[in-house]
Amino acid sequence: MTSKVKSTFIYIFLGIVTVVSVFPLLWMIIAATNKSVDVIAGKLTFGTYIAENYQNLIAQQPLWSSFLNSCKYTILVTAFALIVSSLAGYAFEIYRDKAKEKIYVVVLMSMMIPFVALMVPLFRMYSKLGLLNSAVGFMLPSLATPLLIMMFRTNAKAFPIDIIEAARIDGLSEFGIFLRMYIPSMKSIFAAAGVVTFMNAWNNYLWAKVIMSDNTTQTMPMLISNLISGYVTDYGMLMLAVLITTIPTAIVFFALQKYFVEGITGSVK
Amino acid sequence: MKKRIVSVLVVAAMTVGMLSGCGSSEKKSSEKDENTLTVWAWDQSFNIYAMKEAEKVYQKDHPDFKLNIVETGWDDMQTQLGTIVGAGNYDKLPDICLMQDFAYQKYVTTYPDLYQDITDCGVDWSEFAEGKLAASTVDGKHYGVPFDNGAEIACYRTDILKQAGYTIDDLTDIDWNRFIEIGKDVYDKTGYSLLSVQADSSDLIYQMLQSAGFGTWTEDGKPDLAGNENIKQCIEIYEEMKDANVLNVVNSWDEYVATFTSGKTAGVINGCWILASVQTAEDQSGKWALTDMPALPGVSSATNYSNQGGSTWAITQNCKNTELAEDFLASTFAGSTELYDTILPKSGAIATWLPASESDVYNEPQEFFGGQAIYAQIADFASKTPSVDLGVYYTEANKALATAIANVSGGSSIDSELKTAQETVEFNMNQQ
């Protein structure tokens with residue numbers, strides 16, 4: 001009996017938490033189908049205005065070119081960040097020495113510097129290098145992320161040293177060990193790191209806004225920001241844009257969800 | 001396993017390809033054409049639309065002329081301007097950028113080499129309303145061509161007023177005491193508040209102050225908040241309205257817009273740009289009427305006219321073709337009735353360039369306002385608005401005052417809150 005009461009309370013609590021976390025998403029979808037006036041008035045049923053919202057959106061904003069820009073930049077950042085950070089994390093752990101430890105501390109300390117403080121010097125550097133309004137400029141600052149390096153290093157710690165030694169004896173090169181031994185056994189950590197990087201890059205707004213000053217290089221977060229900067233906000237149109245922006249991250253997350261949980265909790269057992 | 005290596009290599013090759021592609025396209029777009037000007041502005045249906053129309057007007061005589069308009073929200077623009085000036089890379093600035101009037105003094109004073117002095121660019125400055133021009137004028141030099149008007153308007157729902165036995169004339173040329181009287185009556189008879197306002201904002205207080213020509217600064221630029229009897233009077237009116245349910249205080253901007261678009265309040269008092277939001281409620285068409293705002297009671301300099309917001313075009317130091325930019329602005333925003341005739345009906349952008357308001361378009365009846373020729377009326381309000389120096393630290397003072405109002409509503413005394421606000425602004429000024 002008591003266990004039944006207990007589980008009832010647990011379900012009620014979980015139910016409330018679910019509603020609180022799912023409701024904004026549901027509301028976003030509903031709002032995307034309604035007129036702005038109805039959204040403001042708090043209408044909670046699906047409307048028939050989604051086609052008009054879409055027409056208004058593409059008439060006012062370069063929706064699909066921004067979407068493609070976002071995809072392009074995000075895929076580039078995710079791919080390169082995974083390569084750079086996994087190599088770095090692996091090397092810090094496997095080829096340990098005093099000098100590297102010191103560098104590692106510096107890398108970790110850089111986590112504590114807020115990005116806003118780096119913005120002006122970075123902008124100065126990038127503008128001298130002619131990297132403004134370019135994909136390279138967008139991705140360079142987020143390639144070597146301390147958090148990812150730390151994640152890969154911690155996981156490399158759990159990677160059995162015996163395997164590496166056995167591989168060395170069998171004549172596999174050092175890079176070969178990384179590629180053929182380490183990567184295959186670290187799939188879940190790659191997935192977790194991939195999801196985190198993808199989301200950060202996809203939602204990257206401040207840096208994008210600072211270096212992209214051309215309509216042709218606009219990304220989705222910039223587009224959404226433009227939608228709310230006018231004197232009158234069309235909430236139906238805005239929510240449709242937010243919905244479209246949410247879809248890729250949702251797909252990536254759900255596709256890699258299984259690995260993601262494993263990766264966060266530790267991959268090698 | 002080999003497959004995996006191959007696929008990694010292929011991906012790497014593809015990304016390199018993409019990158020090099022980006023590099024070359026970047027070069028093309030950044031190459032500057034002599035007849036192209038880059039513009040930063042922030043509203044597709046308002047100022048960006050107006051700029052596009054101005055481009056068309058200017059192209060008639062200058063077929064090669066082109067604009068590259070980059071949509072940049074005001075908050076983003078501040079970040080970008082700050083970064084660019086901080087890094088010293090002035091060549092990344094646009095040629096022309098739109099500035100909020102309230103921030104003009106600050107930007108011109110803090111970054112003296114950001115905007116060009118365009119006093120001698122061929123614009124007849126006397127053709128602009130004096131109050132409007134004050135924002136972009138520093139030490140007698142003009143730093144911008146005024147664009148839209150922020151003349152204060154009061155709109156009311158005539159159907160609700162009628163239920164309570166009032167007409168729009170009862171609310172015209174009145175003072176705040178009379179407004180509260182009518183407001184109480186309307187609330188008792190219909191249950192509607194006459195006015196709504198956003199909680200963490202001091203805009204209404206500023207509007208009241210400016211209507212009597214009062215500012216928040218002393219002659220020598222020091223904050224004049226502590227012990228300021230005018231501000232005290234305005235806050236007292238605000239509190240009285242709130243306590244009598246004449247004023248409905250809501251938490252956010254969205255809620256504020258919702259109070260009138262979904263018919264929860266019977267009136268709006270704000271800068272005339274709010275009309276665009278009011279008119280989104282198509283089902284209320286014909287039920288609105290427009291008039292002037294209430295005046296401060298018992299004040300000799302009181303008027304029924306004020307101002308909230310508005311913006312101005314500035315030419316930056318980076319503009320290589322200053323003559324073209326000056327000529328463009330002088331012959332469009334400061335010289336073309338055709339332009340203002342086009343943009344008024346579609347965007348509601350009301351000119352601050354006085355000759356434009358003589359046009360017939362301004363006298364056309366507006367269906368939403370029951371056939372009233374509201375634009376001519378607003379242009380008239382604008383010409384009567386007292387000129388007030390908003391000061392270099394407007395944003396700081398505005399925030400401090402908003403906090404003071406919130407605390408007064410929570411029960412603190414006005415005097416002590418104004419004193420705290422004064423100290424906050426002084427502290428902020430010393431930080432910069």
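Predicted model: local features only at pLDDT ≥ 70, side-chain atom pairs only at ≥ 80, totals over all residues.
Leu37 of chain B stands opposite Leu67(B) in strand S2(B). Residues are numbered from 1 along each chain as its sequence is written, while chains are lettered from A and ligands numbered from 1 in the order in which they are written.

The two strands concerned are S1 (residues 36–41) and S2 (residues 66–71) of chain B, which pair in the parallel sense over six bridges. On terminology, helices (H or I, at least four residues) and strands (E, at least two) are DSSP runs numbered from the N terminus, and two strands pair if DSSP finds at least two bridges between them. S1(B), H2(B) and S2(B) together make a right-handed β-α-β unit; a crossover is right-handed if, with the strands pointing away from the viewer, the path from the first strand over the helix to the second runs clockwise.

S1(B) has a further partner, strand S3 (residues 96–100) of chain B, with parallel pairing over two bridges. Here Val39(B) is opposite Ile96(B) in S3(B). Axes are lines fitted to C-alpha atoms, for helices over the stretch in contact, and angles run from 0 to 180 degrees between N-to-C directions.

I turn to the other sheet. It is open, has three strands in the order S10-S7-S11 of chain B, and is paired in the antiparallel sense. Strands S10 (267–271) and S11 (288–291) of chain B stand at its edges, each with a single partner strand, so one side of each is left without a neighbour in the sheet. From one strand to the next, the twist averages 25°. Strand S7 (residues 152–157) of chain B is joined to S10(B) by five bridges, running antiparallel, and Cys155(B) has Val268(B) in S10(B) as its bridge partner.

Next, the helix packing. H2 (residues 47–59) and H13 (residues 337–347) of chain B pack at an angle of about 150°, with their axes 10 Å apart. H2(B) and H13(B) are therefore roughly antiparallel to each other; angles under 35 degrees count as roughly parallel, over 145 as roughly antiparallel, 65 to 115 as roughly perpendicular and the rest as oblique. Their crossing is right-handed, where a crossing is left-handed if the near helix is turned anticlockwise from the far one by less than a right angle, and right-handed if clockwise. The H2(B) residues in this contact include Tyr49(B) and Val57(B), and those of H13(B) include Leu339(B) and Ile343(B). By class, the contact of H2(B) with H13(B) has six nonpolar, two polar and three charged residues. Ala, Val, Leu, Ile, Met, Phe, Trp, Tyr, Cys and Pro count as nonpolar, Asp, Glu, Lys and Arg as charged, and the others, Gly among them, as polar.

Helix H8 (residues 203–211) and helix H9 (residues 229–243) of chain B have axes that come within 10 Å and cross at roughly 125°, which makes H8(B) oblique to H9(B). The crossing is right-handed. Among the residues that meet are Met208(B) in H8(B) and Ile235(B) in H9(B). This contact of H8(B) with H9(B) comprises nine nonpolar residues, one polar and no charged.

H9(B) also packs with helix H15 (residues 394–409) of chain B, at about 45° and with axes 11 Å apart.

Finally, chain A. It has 14 helices and zero strands, and its C-alpha trace spans about 70 × 70 × 30 Å along its principal axes. How many residues of chain A are in contact with chain B? There are 32, in contact with 38 residues of chain B, contact being defined by C-beta atoms, placed from the backbone, that lie within 7 Å. H6(A) gives the most to the side of chain A that touches chain B, with five residues. That side divides into 15 nonpolar, twelve polar and five charged residues.

Key: Contact = placed C-beta atoms within 7 Å.
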